[in-house]
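Dear colleague,

I am passing on the structure below, and after it you will find my notes on what turned up in it. Please read them with the structure open beside you.

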Amino acid sequence: MFRDAAPKRRIPDRGMEPRDAYHAVHDETMLDGNARLNLATFVTTWMEDEAAELYRDAFDKNMIDKDEYPQTAEIEQRCQRIIADLWNAPDPDAAPATSTIGSSEACMLAGIALKRRWQHRREDAGLDTTRPNLVMSSAVQVCWEKFCNYFEVEARYVPVSADHPALDGSALDAVVDEHTIGVVGILGVTYTGAYEPIAEIAAALDEIERARGIDVPIHVDAASGGMVAPFVQPPLEWDFRVPRVASINTSGHKYGLVYPGLGWVVWRDAEALPESMVFRVSYLGGDTPTLALNFSRPGAQVLLQYYLFLRLGRAGYTEVQEGSQRVATHLSHAIGEMPAFELVSDGSTIPVFAWKLREGHTDRWTLYDLSDRLRMRGWLVPAYPLPADLEEVTVQRIVVRHGLTLDLAESLLDVIREETAYLDSLEAPLPRPTAHPAFTH
């Protein structure tokens, strides 16, 4: 075993034995939290042993090198067709799609396609192509703010409110104009798990087109809900059954149940994806068409997604997602019955729910204090303010993922009850920090 501390700021003059280097890294990561008890993240933290074995077999596969790994490329295309079919694309075999490193990259590609389509239509009509804007709820994930910043698109946020906690089409007429490249609808709002009603948004845009002649497409950010709704709420029309939906993304590494990082984006048809976005490059001896912001990226997660499609099938995915939803609604029901809390959502959409302090319950502690107490017991349950115009409301949120059993849920409820009782017993308010850690989606 090595005797000196591992260097932190410069490469060491001499190397270590393999096992020593392993322990230098492994032992330090023992200080990380238990991933199974992390109820803040949407990202998959558990897969079967066979998946881990398949992962190890494919560590070295580069997804971009389709000439060297043609079967991995073929499996990627199978996954794309399966997902397009799952989302009711008119012709799944002809729906353009690609895997990505995650939903953020998928959203960027979808946003670029919306902007290019808008520009091409305006150019063909001899109209001005400056000042594009994108309309979305103030509850969108931060990747959309990044897209608008990086690709010079005006972000037009529709604020959420107590009466309209999600984008529902009621305010679109005031923000949509001839420079609007698209509207983003969210299937699984990060803050609460709520579904934005895609069909209602489409109906509002249909009315705008009838009244003002402006044709605006929808992109559905289904990072979480895209691999839940088809199995748990199959009648819900949010996907390509809605004619105005041009593209959809999801995260394979969220409710797709794959280890990070993997995303998917599918377009309705070839018309929805400008040909100018597809590159054909000579790489490592072959001609490679590529549609991505990242170039070299791992192929192993794509194989894991196909493994799960084979392993679970539609029935298995339904069982897993319904099981997670049962745990979420069990937890939300129990927390909603506690005198201190009031539910904001109940986990009946994606297996995610949030709650707030019941008005008048206490002025001695906040949900940030409860979050700190739970962290001391090993559970990571974040507290954070809701988005603009509701930022005075602080909530806590639980994300139920595959692997959180009812037994573990009961253990968590016991801890929440104990720590809530402790906080209620305080005779003086707890000291307030100057700022709370920033919430990340």
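Helix α4 (residues 103-124) and helix α5 (residues 142-150) have axes that come within 9 Å of each other and cross at roughly 45°, which makes α4 oblique to α5. Please bear in mind throughout that this is a predicted model. The crossing in which α4 passes α5 is right-handed, and the residues that meet there are S104, C107, M108, G111 and I112 from α4 and C143, W144, K146, F147 and Y150 from α5.

The structure holds eleven aromatic pairs, and the one between F309 and Y317 is tilted, at 6.0 Å centre to centre with 50° between the planes. Both partners lie under the 20% cut-off for buried residues: F309 counts as buried because its relative accessibility is 12%, and Y317 is buried with a relative accessible area of 1%. Elsewhere, ring pairs link F341, F353, W355 and W365 into a cluster.

The charged end of R19 sits over the ring of Y22, 4.3 Å from its centre, while K254 lies over the face of F42 at 5.4 Å from the ring centre.

L37, in the loop between α1 (18-29) and α2 (49-57), counts as buried because its relative accessibility is 16%. Its C-alpha atom is separated by 9.9 Å from that of R377, although the two residues are 340 residues apart along the chain. Leaving aside neighbours within four places in sequence, L37 is in contact with G378, W379, L380 and L408. L408 is also touched by G403 even though residues up to four places away are not counted, and R36 is touched by G403 as well. G403 is found in the loop between β13 (394-399) and α11 (406-424) and is buried, with a relative accessible area of 18%. From G403 to W46 the C-alpha distance is 6.9 Å, across 357 residues in sequence.

Finally, some backbone details deserve a look. Most residues other than glycine have a negative phi, and most peptide bonds are trans. The peptide bond from P260 to G261, however, is cis, with omega near -5°, and G261 is found in the loop between β6 (245-251) and β7 (263-267). That loop between β6 and β7 also holds L257, whose phi is positive, near 75°, and which is buried with a relative accessible area of 7%. R131 has a positive phi too, near 60°, and is found in the loop between α4 and β2 (133-137), where R131 is exposed, with a relative accessible area of 56%.

How values were computed. Residues are numbered from 1 along each chain as its sequence is written. This is a predicted model: local features need pLDDT of at least 70, side-chain atom pairs count only at pLDDT 80 or more; totals for chains, interfaces and linings use all residues. Side-chain values use heavy atoms; hydrogens and water are left out. Rings of Phe, Tyr and Trp (its six-membered ring) pair if their centres lie within 6.5 Å; planes under 30 degrees apart count as stacked, over 60 as edge-to-face and the rest as tilted. Buried means under 20% relative accessible area, exposed over 50%, partly exposed in between (1.4 Å probe, protein chains only). A charge sits over a ring if NZ of Lys or CZ of Arg is within 6 Å of the ring centre and within 35 degrees of the ring normal. Helices (H or I, at least four residues) and strands (E, at least two) are DSSP runs, numbered from the N terminus. Contact means heavy atoms within 4.5 Å. Axes are lines fitted to C-alpha atoms, for helices over the stretch in contact, and angles run from 0 to 180 degrees between N-to-C directions. Angles under 35 degrees count as roughly parallel, over 145 as roughly antiparallel, 65 to 115 as roughly perpendicular and the rest as oblique. A crossing is left-handed if the near helix is turned anticlockwise from the far one by less than a right angle, and right-handed if clockwise.
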